[in-house]
Structures are given as C-alpha cells and as structure tokens.
Amino acid sequence: MGWGDAEGMLWTRGLLWERVWNAVGNFLFKFLVIGSAGTGKSCLLHQFIENKFKQDSNHTIGVEFGSRVVNVGGKTVKLQIWDTAGQERFRRETYNSLAAWLTDARTLASPNIVVILCGNKKDLDLEREVTFLEASRFAQENELMFLETSALTGENVEEAFLKCARTILNKIDSGELDPERMGSGIQYGDASLRQLRQPRSAQAVAPQPCGC
Amino acid sequence: MEYEDKAGRPSRPPSPKQNVRKHLDFEPLSTTALILEDRPANLPAKPAEEAQKHRQQYEEMVVQAKKRELKEAQRRKKQLEERCRLEESIGNAVLTWNNEILPNWETMWCSRKVRDLWWQGIPPSVRGKVWSLAIGNELNITHELFDICLARAKERWRCFSTGGSEVENEDAGFSAADREASLELIKLDISRTFPNLCIFQQGGPYHDMLHSILGAYTCYRPDVGYVQGMSFIAAVLILNLDTADAFIAFSNLLNKPCQMAFFRVDHGLMLTYFAAFEVFFEENLPKLFAHFKKNNLTPDIYLIDWIFTLYSKSLPLDLACRVWDVFCRDGEEFLFRTALGLLKLFEDILTKMDFIHIAQFLTRLPEDLPAEELFASIATVQMQSRNKKWAQVLTALQKDSREMEKGSPSLRH
C-alpha cells in the first residue's frame with residue numbers, strides 16, 4: 001500500500017475506504033478494511049458490529065462482511081464493510097473482486113476517497129514500535145485521518161468508523177462530494193468491471209487502490 | 001430414575017429442616033420447598049387451610065416433575081438407541097471398509113456399492129487411509145523426502161530466529177525477506193487455525209505437526225510458498241493422518257489443477273473456474289442466478305473462502321470432512337457441486353436477501369447446518385450443462401480465455 005516498511009508488528013494499518021451510494025434518500029457508504037496480516041482488521045470490524053472483542057478468530061480468507069446502520073449528524077447512514085484477507089498475494093485477488101467500485105472510485109479522483117489510518121492494538125503499549133507522533137506525521141503527510149485504536153478494549157473503534165462517515169457527509173454537505181454524480185458513476189462502474197474482467201493479462205495485478 | 005435414587009436413600013443424618021418434611025418422599029431441588037416450611041417462629045403460623053393448599057400445590061408440582069423426568073428419560077433412551085444404531089452402522093461400515101474394500105482397493109473403489117457407502121460418509125477410523133488412497137501420490141513423495149524438507153525448514157527457522165540470513169543459491173529469486181515473511185505468517189496463521197479446537201495452537205498437541213507440514217511444504221515448493229488457507233487444509237489432514245502421510249496427501253492435493261490455480265493465485269484461471277461455476281449455477285438455479293446477477297453478487301465473494309479452505313473453515317468440521325470424502329473421490333467438480341448444493345439448500349431465503357445480506361450469509365454459514373439435508377441437496381445438483389460435463393465446460397472456457405488473451409493485443413490497436 002505504499003506504507004513503507006516503518007510499520008511494527010503491532011501497528012495495524014487498517015484503511016477504511018468508502019464510496020458513496022444514494023439509496024432511496026438514505027446513504028449507503030462502502031468501507032474497505034485493508035492492512036497486513038494479523039493487524040486486527042477482522043477484530044476491528046467485529047468490535048464495531050458486535051461491540052465485543054473476537055477472542056478465537058480464524059484468519060480471513062477472501063472477504064468477510066459486516067454492516068451497521070449509524071446515525072451521523074441526524075442522518076441515517078448504512079455502512080457496508082468489506083473486511084479483507086491480509087496476505088499480500090491474496091489482497092490482489094480481493095481488489096479484483098472489488099473492481100466494480102474500486103475502479104469507479106479511482107476514476108472519480110482522490111477527493112472522493114476518504115481514508116483513515118488506524119494504528120490498532122493500542123492496548124499493547126509496551127510493545128509499541130511506532131510512536132504516536134511518527135504515525136500522525138505520516139498521516140498528515142499523506143492527507144489521511146488518523147486514530148489509534150484497540151479492537152480489544154474498543155477504544156476509538158466506533159470513532160474511527162464514525163469519523164469516516166462524518167467526513168464523507170461533510171463533503172457531501174459542502175458540495176465536495178456529489179452523491180448524484182456518484183450515482184451516475186455506478187453504471188459507469190459496472191461497465192468498467194466488464195472491461196476489467198476481460199483483458200486479464202493487462203490487469204493481472206490490481207492497481208493500488210489508495211490515492212496516495 | 002435419578003429421582004428414585006435420591007428419594008430411596010434411607011439413612012441421612014436428620015437436619016432440622018429435613019425433620020420438617022421428612023415424611024415426604026421427595027427431596028425438592030429448588031425453593032418450592034419453602035412453601036412447605038413452617039413460618040419462622042416470630043411470625044404467626046400458617047392457618048390449616050393455607051397449609052393444606054400449599055401441600056396440594058406442592059404435590060401437583062411433584063407430579064409434574066415426575067412426568068417431566070419420565071419424558072426426559074424416554075427421550076434419552078430414544079437418543080441412546082439412535083446413537084447405538086448409528087454406532088452399529090458405523091461399526092458395520094468400518095468392517096466393510098477394512099475387510100472388503102481396502103484390501104481390494106483397485107478393483108472395488110469405483111463400484112456402485114462402494115460409491116454408495118462412500119456418499120454416506122467414511123467412518124473416521126478409516127477416513128485417513130481412504131483419503132490417502134483416493135488422493136494418490138502422483139508426486140511420488142516418500143517419507144524420506146518429507147524428512148529432508150522438514151530438516152531444511154527447521155534449519156531455516158533456526159537461522160531466522162538467530163538473526164542469520166544467508167541466501168542459498170537454489171532459492172535464488174525468493175528473497176530472504178520473502179521467506180522470513182512467509183515463516184512469520186505461518187506462525188501467525190497457525191495460532192488462527194481452528195482456534196476453538198485448542199489443539200493447533202502453541203502448546204497444543206498438534207501445533208508442531210501443523211508447523212512442520214507447512215514449513216516442509218514451503219521448502220518442497222518454494223515457488224508456491226505458504227498461502228493463507230493452506231493451514232486449514234493441513235490441519236484437517238493432520239486430524240486424520242500421521243505427519244508424513246498428511247504431508248504427502250497435502251502436497252498431492254495442492255498439486256491438483258484447481259488447487260494449484262487458486263494457491264498460485266492465477267487470476268485468469270480462477271476467473272475461468274468461476275465462469276464454469278456460473279454455467280452450472282444458471283443451469284441449476286436460474287432464479288437465484290438472476291437474483292445474484294441483479295445484486296452484483298459475483299461468485300468470488302463466497303467461492304474464494306470455500307475453495308481455498310475446501311470448506312473446512314465455513315462448514316462444521318464433521319460436515320466438511322464428509323465433503324472432503326466425496327471431493328477426494330470426485331475431484332474439483334465436487335467442490336463446485338457442493339457450492340451449488342449450499343445455494344440450493346438456502347435458495348428461498350437467499351432470494352429474499354439483498355447484496356450485503358447474501359454476502360454475509362454465505363461468508364458465515366449457519367453453524368447448525370444439517371448434514372443430511374445438505375447432502376440431499378447436493379445430490380439433486382445436475383453437473384451437466386447442455387450435455388457437457390464440468391471438465392468439458394471448463395476446458396472450453398479455458399480455450400476461450402486463451403484465445404481472447406492472444407487476440408486482445410490486436411483488438412486493442
């Protein structure tokens with residue numbers, strides 16, 4: 001993901017990524033959780049959906065899903081969360097299956113993508129390898145939001161998802177994001193999916209989805 | 001029966017409380033006893049009428065309790081008989097497998113009778129043996145080869161744990177960093193493989209076996225390496241075979257075309273498999289197929305997990321083993337047939353769901369999935385489309401995609 005090698009084992013690089021859909025007056029935001037293996041992506045999702053820590057969890061193969069309806073600034077927003085596998089090799093496969101809206105989001109340029117960087121496992125403070133300062137500087141340089149989270153204690157987990165949702169809504173309010181325009185992008189997205197699926201050799205590796 | 005035991009216990013040191021109700025032939029378990037207690041001395045005694053009423057109520061409760069116990073006993077007896085019958089049939093099946101089928105494997109394994117018995121599920125005690133035979137050993141892997149690969153893997157672990165990182169010539173192209181990442185990932189994933197069984201994790205009885213098989217495989221096939229999903233397959237094999245035999249079955253299983261396509265993450269080929277699956281999906285379940293299409297629900301969303309782990313992560317383990325039984329016999333086709341069986345079993349509810357609910361449902365199947373119903377559903381899946389079998393459909397699609405790749409550069413100009 002171009003995150004460099006500065007990451008320590010305890011630092012989840014969970015990227016929550018969205019695109020907007022306008023579904024009958026209510027908003028449907030799609031979030032994608034990506035990051036290295038064992039950084040706690042599924043646990044973040046589980047904490048957010050179930051409000052508890054997932055103790056004995058298998059590792060994710062392919063994609064797992066979660067959804068939750070939240071209220072942000074008086075608006076009802078449905079979050080649809082795609083939780084991906086961590087192994088690099090696998091990730092490419094996942095991206096391809098997400099091609100429909102990934103390519104779409106990419107063609108609609110980076111202001112439409114809201115990314116939050118989560119430094120997870122905040123509870124393992126003794127094993128910390130990246131300081132808060134380092135990580136927040138990194139986030140600033142790359143124009144990302146940033147939070148330190150703990151899927152174990154639940155600290156900042158809800159906040160991370162809501163912060164993302166709030167930012168998207170603010171962008172819609174300020175006109176930076178236009179759901180109508182995004183809506184028209186859906187059809188375009190389907191067309192680009194068909195294009196992408198056919199010339200396989202040209203798209204063997206899914207492009208880096210994050211705009212930074 | 002429990003109740004009679006208790007009630008019939010004659011000699012108990014009488015406590016003050018028991019004195020009160022020692023004339024009763026029932027030892028109450030709960031506070032129902034309280035209604036028979038005389039009131040504490042500092043309160044007025046119960047009127048005779050009330051005492052009588054309480055006694056009556058109490059006796060009714062006792063009658064009800066007796067009824068419940070009797071019913072429960074009958075249920076347990078029935079359950080026991082059921083289990084005995086099952087055990088007997090398993091016992092018979094074990095005898096048949098051991099005495100008739102296994103000694104005459106070559107001639108018998110594809111007979112009608114064996115196929116029927118096979119479909120019922122292979123008894124756990126012979127399962128490993130049958131799997132080994134059915135998977136075969138095309139790669140001619142010997143126990144010695146396993147030992148060599150394992151020794152090399154151990155050398156590597158030692159090397160990385162002591163911080164050394166000399167690169168061996170033979171592995172040129174697979175950087176030390178890659179290998180280290182792979183070894184780290186194996187360690188991480190073992191702790192996350194059937195964690196609820198508590199046998200593969202650090203300190204568990206099968207931890208070292210799982211570690212050995214995955215490590216040896218990365219030495220045996222450095223070009224494939226460790227890919228997530230493998231640990232589940234190795235774990236299921238370990239539950240049924242000795243380490244070396246599990247390794248042999250593991251390597252041969254992964255060497256099958258479908259598994260190789262997936263574990264090498266050969267994108268084009270995976271898409272071909274998904275396309276072939278969709279041919280049979282549409283053929284068998286046209287309504288559901290249309291519903292999935294409408295909702296943009298592509299098969300990769302659920303098939304990746306199912307195929308990579310051979311259902312061992314998504315189905316209850318005993319049921320997954322039954323799928324493996326037939327998969328070992330029928331090959332990759334059965335994996336896709338099982339997928340269609342699952343979709344068919346849940347067709348009604350899936351048709352009522354939207355994208356996210358279908359995706360959630362299929363990536364997290366119900367835990368109490370009924371084995372017999374699933375197999376009945378799988379049995380009704382037709383693996384023939386316009387007179388073409390699975391392999392023929394797949395080959396045709398593969399040819400198409402190869403031609404398209406060849407043709408695409410000119411098309412682009």
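Visitor: How do you know how far to trust chain A as a whole, and what is its mean pLDDT?

Guide: The mean pLDDT of chain A is 69, with 62% of its residues at 70 or more. Residues 1-25 of chain A stay under 50, and the model has 106 contacts beyond four places in sequence for them. Residues 183-212 of chain A also stay under 50, with 51 such contacts in the model. Where pLDDT is low, the predicted coordinates should not be read in detail.

Visitor: Okay, on to the two chains together. What makes up the interface between chain B and chain A, and how much area is buried there?

Guide: About 3300 Å² is buried between chain B and chain A, and carbon and sulfur atoms give 58% of that. On the chain B side, Q228(B), H267(B) and I356(B) lose the most area to chain A, together 18% of what that side buries. In terms of contacts, 45 residues of chain B touch 32 residues of chain A.

Visitor: Why is the pair E64(A) and K313(B) called a salt bridge?

Guide: Their side chains come to 3.3 Å, N to O. The cut-off is a Lys or Arg side-chain nitrogen within 4 Å of an Asp or Glu carboxyl oxygen, so the pair qualifies. The count between chain B and chain A is 1 salt bridge, alongside 7 residue pairs in polar contact, both partners at pLDDT 80 or more.

Visitor: Which helices of chain B supply residues to the side that touches chain A?

Guide: Helices 8 (176-190), 10 (230-238), 13 (267-284), 15 (300-308), 19 (355-363) and 21 (390-412) of chain B each give at least two residues to that side. By class, the side of chain B that touches chain A has 20 nonpolar, 16 polar and 9 charged residues.

Visitor: Why is F65(A) called buried?

Guide: F65(A) has 1% relative accessibility, and buried means under 20%, so F65(A) counts as buried. F65(A) sits in strand 3 (residues 63-72) of chain A. Beyond its neighbours within four places in sequence, F65(A) contacts L45(A), I81(A) and W82(A), and from the other chain I301(B), F355(B), I356(B), A359(B), Q360(B), T363(B) and R364(B).

Visitor: And S231(B), what makes that one buried?

Guide: With 0% relative accessibility against a limit of 20%, S231(B) counts as buried. S231(B) is in helix 10 of chain B. Its contacts, neighbours within four places aside, are H59(A), D189(B), T193(B), L210(B), L214(B) and Y226(B).

Visitor: What about chain B overall: how many helices and strands does it have?

Guide: Chain B has 21 helices and 2 strands, and buried residues make up 46% of its 413 residues.

Visitor: Let's get back to charges. How do you know that E82(B) and R85(B) form a salt bridge?

Guide: Their side chains meet at 2.8 Å, N to O, which is within the 4 Å limit. E82(B) and R85(B) both lie in helix 3 (residues 48-101) of chain B, 3 residues apart, about one turn of the helix.

Visitor: What makes the E278(B) and K293(B) pair a link between distant parts of the chain?

Guide: E278(B) and K293(B) form a salt bridge, with the closest N and O atoms 3.5 Å apart. E278(B) is in helix 13 of chain B and K293(B) in helix 14 (residues 286-294) of chain B, 15 residues apart, so the pair links distant parts. K293(B), at 47%, is partly exposed.

Visitor: One more. Is R329(B) buried or exposed, and why?

Guide: Buried, because its relative accessible area of 12% is under 20%. R329(B) forms a salt bridge with D330(B), closest N and O atoms 2.8 Å apart, and D330(B), at 26%, counts as partly exposed.

Technical notes: Residues are numbered from 1 along each chain as its sequence is written. Chains are lettered from A and ligands numbered from 1 in the order in which they are written. Side-chain values use heavy atoms; hydrogens and water are left out. pLDDT is the predictor's confidence in each residue, from 0 to 100. Contact means heavy atoms within 4.5 Å. Buried area is the accessible area (1.4 Å probe) that two parts lose on being put together, summed over both. A polar contact is a pair of N or O atoms within 3.5 Å; within protein, one must be able to donate a hydrogen and the other to accept it, and residues adjacent in sequence count only if both atoms are side-chain atoms. Helices (H or I, at least four residues) and strands (E, at least two) are DSSP runs, numbered from the N terminus. Ala, Val, Leu, Ile, Met, Phe, Trp, Tyr, Cys and Pro count as nonpolar, Asp, Glu, Lys and Arg as charged, and the others, Gly among them, as polar. Buried means under 20% relative accessible area, exposed over 50%, partly exposed in between (1.4 Å probe, protein chains only).
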